[in-house]
Amino acid sequence: MSQAPANPAVLSRLYLNAVLPCLTDLSRQDPAAREILGDLEASIVLQIVGGPAATVRLRQGQVACENGSSRAPSVILLFFNDRHLNAFFSGRTWAVPLPVWGGWRIELLSRFSKLAQLLDAVLNGKVPVLATAAGRRLHARLSLIVAVLGLRSLAQGDQAAQQTLRSLPRGLAAFSIEGEQGATIWFDHGSLDYAAGWGEPPRRPDVRITFADMNVAYSAMRDEIDTLAAVGRGQIKVEGLVPLADGLNVVMERLRVYLQPIAP
Amino acid sequence: MNSTSNRFRRSQELFERAAKVIPGGIYGHAGPAIGLPGAFPYYADRAQGSHYWDVDGNEYIDYLCGYGPMILGHQHPEVEEAAARQQRDALCVNHPGPIMVDLAEYLVSLVEFSAWAVFGKNGSDMTTWAVQVAREHTKRRKVLKVAGAYHGMDPWCTPGHGGLLDEDRAHIHDFNWNDPESFDRLLKQFRGDIAGVIMTPFHHPVFQPSQMPAPGFWSHIETACRREGIVLILDDIRAGFRLDMRGSHKHFGFEPDLICFCKALANGHPLSAALGRKELRVAASKVFLTGSYWNSPPPMAAAMACLQIMKREDTVAALRRTGEMLMGGLVEAGKKYGYSMIASGPPAVPFLSFADDASLRRQQRFCAEVTRRGAIFHPHHNWFLSAAHTPQDIAATLRMADEAFAMIKEEGF
């Protein structure tokens with residue numbers, strides 16, 4: 001894959017559209033996340049000046065994320081540009097967003113910050129997370145979500161990814177882990193805006209990539225497994241449009257340029 | 001591989017061992033990932049004529065022919081005797097043997113436009129070298145190729161993704177098969193800097209039906225190359241000697257400047273060759289070419305025998321007849337079950353696919369069922385016929401295909 005440098009605008013969209021949505025699964029899967037959330041009912045908008053925004057809704061211990069800014073949010077966190085948001089998400093302490101609305105909601109902001117730290121620890125595979133089977137499972141699930149949802153941001157803005165995608169057959173690819181509920185994530189290379197999501201895909205996938213279990217998914221997401229051998233051993237099944245799966249795997253490798261070390 | 005399957009128990013055991021000590025377990029085009037994991041055998045045990053047996057004792061009518069080389073069938077007695085006789089004299093010595101000169105002379109006499117020949121081991125050896133000769137001859141940088149075409153495993157052309165730099169392909173540019181306009185655009189964009197155009201005689205990409213050249217396409221390319229002083233390289237690795245003994249360009253009515261052969265050249269013995277016009281002779285002499293085993297005489301003796309047998313027995317015509325019988329029968333069998341089949345490529349190098357199966361699922365299921373019954377059908381890669389395939393083989397294959405069509409129909413594919 002290309003060694004072309006990361007595009008800050010693509011990275012900010014990856015954070016907003018692929019990383020942030022992981023909060024939904026984190027809150028579903030991790031009791032620690034639900035404990036942080038408690039009985040919070042609020043919405044937080046993350047907005048780049050003149051750029052994209054995302055809304056995070058917290059309700060009854062669950063998180064929902066959507067593109068764009070919602071009306072009357074509890075808090076609006078403003079970023080001056082893509083680089084500002086990118087620095088914030090990559091943990092730079094100086095990159096504090098401007099709370100243009102709701103800055104007085106100290107308790108809400110504090111809990112959101114804790115939730116973000118938990119997400120960061122899981123995605124980055126911090127030692128305490130990977131020390132337990134539950135942590136490794138979460139890491140694998142969320143890494144898969146970022147990788148597949150991230151395809152959309154790459155497809156929309158990363159030139160190297162776009163070049164690879166142009167050579168691929170059109171179709172919908174669905175990635176899943178056997179035995180894991182709600183861990184089917186899909187990317188539609190046939191749609192105009194490169195739709196992506198998780199749950200059952202909107203139509204029958206042209207290719208299904210299935211990891212035999214969480215351990216295989218974990219190893220694959222961390223690039224610790226010989227995937228060709230895994231296919232031969234039946235640990236990874238690729239059914240249908242093989243060249244699409246192969247090509248998307250290459251595009252996912254571009255994530256390393258952007259999200260190291262949280263990329264698969 | 002499906003762990004519940006006893007059919008491939010030995011293959012599975014070997015693969016488990018391989019996965020520990022060999023990256024990918026089996027790498028390259030024979031790797032499970034490009035075939036049908038669980039439905040294809042992984043390891044072969046022996047082969048004879050048009051059949052082979054996997055390590056679990058399952059027998060197959062072979063429609064891959066070692067992915068092309070076995071044009072006369074496995075263990076052809078005359079070819080094997082020629083190679084064995086030569087090996088008794090010398091396997092790998094310090095100098096080439098007389099057979100190298102004999103073979104070069106014979107090939108040059110076969111391929112009318114050529115004045116010289118060189119030898120390597122694999123297709124990539126020759127295609128990469130040919131590109132260098134084109135650059136040396138023209139003192140230009142750019143090389144044009146067809147998008148999706150396979151020319152080997154070197155960085156300028158590998159279909160793989162690992163270990164590549166953007167710079168590896170800085171001067172390699174793709175145009176579309178049967179699209180003279182996309183070719184002309186590159187011609188205009190890089191006029192005066194194009195060293196060579198490398199193409200296969202017909203387009204045989206993986207995962208897709210093969211495409212024959214549209215009327216006028218080859219003459220368009222040939223005319224432009226002549227006009228612009230571009231070296232036209234024919235990659236005849238896959239089709240060579242299956243369409244015409246004089247090179248596949250004769251089949252399609254054009255003439256390249258360089259031609260690369262491999263696969264069918266020596267009926268399975270490791271040998272490749274490149275032949276060229278006399279005008280390229282000096283450039284060819286300047287491009288370094290060697291390898292540890294490249295002077296080994298036995299494969300050259302095998303090639304000489306193979307070429308002479310093919311000529312004597314008119315293998316090209318035999319392959320065409322067998323291929324037509326097979327593909328015609330398959331299309332008819334599909335029709336019987338309501339399937340619209342595409343028989344693509346020349347009959348000697350055919351490929352079968354379903355007309356309305358963009359996801360390839362039906363194709364994969366069908367090929368798995370035929371393979372299970374005893375004829376190996378690759379769902380993603382073109383097939384190969386050999387002179388050893390008999391009418392009985394074809395009839396047996398068509399029976400298996402009929403059963404497979406019936407089964408997938410019942411399954412709702």
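1. B:Phe241 is placed in the loop of chain B between strand E8 (231–235) and helix H7 (248–252); helices (H or I, at least four residues) and strands (E, at least two) are DSSP runs, numbered from the N terminus. The phi of B:Phe241 is positive, near 70°, in a residue other than glycine. Most residues other than glycine have a negative phi. B:Phe241 counts as buried, with 25 C-beta neighbours inside 10 Å. The term buried applies if 20 or more other C-beta atoms lie within 10 Å of a residue's own, exposed if 12 or fewer, and partly exposed in between, with C-beta atoms placed from the backbone.

2. The model is a predicted one, in which local features need pLDDT of at least 70 and side-chain atom pairs count only at pLDDT 80 or more, while totals for chains, interfaces and linings use all residues. Residues are numbered from 1 along each chain as its sequence is written, and chains are lettered from A and ligands numbered from 1 in the order in which they are written.

3. A:Ala72 also deserves attention. Although A:Ala72 is not a glycine, its phi is positive, about 50°. A:Ala72 sits in the loop between E3 and strand E4 (75–79) of chain A. A:Ala72 is exposed, having 7 other C-beta atoms within 10 Å.

4. In chain A, strand E2 (residues 53–59) and strand E3 (residues 62–67) run antiparallel and are joined by six bridges; two strands pair if DSSP finds at least two bridges between them. Within this pair, A:Thr55 stands opposite A:Glu66 of E3(A). The hairpin of E2(A) and E3(A) has two residues between the strands, and A:Gln60 takes a positive phi near 50° there.

5. Chain B contains twelve helices and 13 strands. Its C-alpha atoms fill a box of roughly 60 × 55 × 45 Å along the principal axes. Of the 413 residues in chain B, 49% are buried. Among contacts in chain B with a separation of 6 or more, 75% involve residues 24 or more positions apart; two residues are in contact if their C-beta atoms, placed from the backbone, lie within 7 Å.

6. The domain bounds come from an automatic or database domain assignment. Chain B is divided into domain 1 (9–74 + 314–411) and domain 2 (77–312), and the C-alpha centres of these domains lie 26 Å apart. Their contact takes 21 residues from domain 1 of chain B and 21 residues from domain 2 of chain B. On the domain 1 side, H10(B) gives the most, with three residues. That side has twelve nonpolar, nine polar and no charged residues, where Ala, Val, Leu, Ile, Met, Phe, Trp, Tyr, Cys and Pro count as nonpolar, Asp, Glu, Lys and Arg as charged, and the others, Gly among them, as polar.

7. The largest nonpolar core has 109 residues, and B:Ala130, B:Ile233 and B:Cys306 are among those with the most contacts inside it. Such a core is a set of buried Ala, Val, Leu, Ile, Met, Phe, Trp, Tyr and Cys residues joined through C-beta atoms within 7 Å. Helix H9 (residues 297–312) of chain B supplies the largest share of this core, nine residues. Both domain 1 and domain 2 of chain B give residues to this core, so it lies between them. Another core, of 90 residues, lies apart from it and includes A:Leu115 and A:Val207.

8. Chain A is likewise divided, into domain 1 (8–128) and domain 2 (131–259). The centres of the two domains of chain A, taken over C-alpha atoms, are separated by 24 Å. Their contact takes 19 residues from domain 1 of chain A and 18 residues from domain 2 of chain A. H1(A) gives the most to the domain 1 side, with eight residues. By class, that side has 13 nonpolar, three polar and three charged residues.

9. Between the chains, the contact takes 19 residues from chain A and 23 residues from chain B. On the side of chain A that touches chain B, H10(A) gives the most, with four residues. This side of chain A has nine nonpolar, six polar and four charged residues.
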